[in-house]
Amino acid sequence: MSSTETGPIARTVASTQSEMTEIILPNDANTLGNLLGGRLMHFIDLTGAMAAYRHTRTHVVTAAMDHIDFIQPVHVGDLLILKSSVNRAFNTSVEVGVKVWVEHPQTGSMLHVASAYLVFVAIDKDGKRQKVPGLQPETANEIRRYGDALRRREYREAEVARRKKAKAATAAQSPDPIRS
Ligand SMILES: CC(C)(COP(=O)(O)OP(=O)(O)OC[C@H]1O[C@@H](n2cnc3c(N)ncnc32)[C@H](O)[C@@H]1OP(=O)(O)O)[C@@H](O)C(=O)NCCC(=O)NCCS
């Protein structure tokens, strides 16, 4: 992972904004009638990918989904509303933020239930990584998210380096790859 960012400025955050609405059905829920966390992560991944597609206009793969906050449970019958946009573009990757609300079916009130950050990598049809266009944040919120995205990237890079180092240190003691 490198820290450079060289794509020419070409996209606004608004041009990447995406939205998905789902009604939560019993098949999406656990035995208490609450939306399963894994199902919510699936919806988050899809909505995030939509923003990444709009930014890159090529194929994208999910490289990381980090820092998900599950703030409130979601119930069968709720309307789930997911909104995403690109926070920052790097070389071949983009960070996307996804925010999730529940719309109360009777009152129409909106409750924030989850947020997540994902990294998508742009690839062509042969799987070769593609350089992504730059992003120009415009509003105060977009500028704040743009700065935060760099800090999260630096954290991810440090964490990958730490894990590599820790794995190398323990590999000699545990030759079984499943246990190391
Ligand atoms: C994501 C993937 C393309 C990265 O490939 P790689 O050879 O490890 O790539 P590199 O380390 O050279 O990094 C390439 C880019 O990915 C980013 N990246 C790689 N691993 C990452 C991670 N764990 N978290 C966040 N970003 C990551 C790098 O920062 C880099 O971004 P940049 O070009 O904007 O600087 C590769 O690991 C892959 O194909 N993973 C499987 C993806 C997948 O199947 N996802 C689920 C289904 S869609």
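Biologist: Which strand gives the most to the shell around the ligand?

Modeller: This is a predicted model, in which local features need pLDDT of at least 70, side-chain atom pairs count only at pLDDT 80 or more, and totals for chains, interfaces and linings use all residues. Residues are numbered from 1 along each chain as its sequence is written. Helices (H or I, at least four residues) and strands (E, at least two) are DSSP runs, numbered from the N terminus. Strand 3 (59-70), strand 6 (110-123) and helix 2 (140-171) each supply at least two residues of the shell, and the one giving the most, with four residues, is strand 3.

Biologist: Is helix 2 largely buried or in the open?

Modeller: A residue is buried if 20 or more other C-beta atoms, placed from the backbone, lie within 10 Å of its own, exposed if 12 or fewer, and partly exposed in between. Helix 2 has 32 residues and the number buried is two, so helix 2 lies largely in the open.

Biologist: How many C-beta neighbours does Val113 have inside 10 Å?

Modeller: Val113 is found in strand 6, and it counts as buried by that count of neighbours. The number of C-beta neighbours inside 10 Å is 21.

Biologist: How far apart in space are Val113 and Met41, C-alpha to C-alpha?

Modeller: Leaving aside residues up to four places away in sequence, Val113 touches Ile71, Gln72, Val74, Val100, Trp101 and Val102, where contact has the C-beta atoms, placed from the backbone, within 7 Å. Val113 and Met41 are 72 residues apart in sequence, and their C-alpha to C-alpha distance in space is 12 Å.

Technical notes: Two residues are in contact if their C-beta atoms, placed from the backbone, lie within 7 Å.
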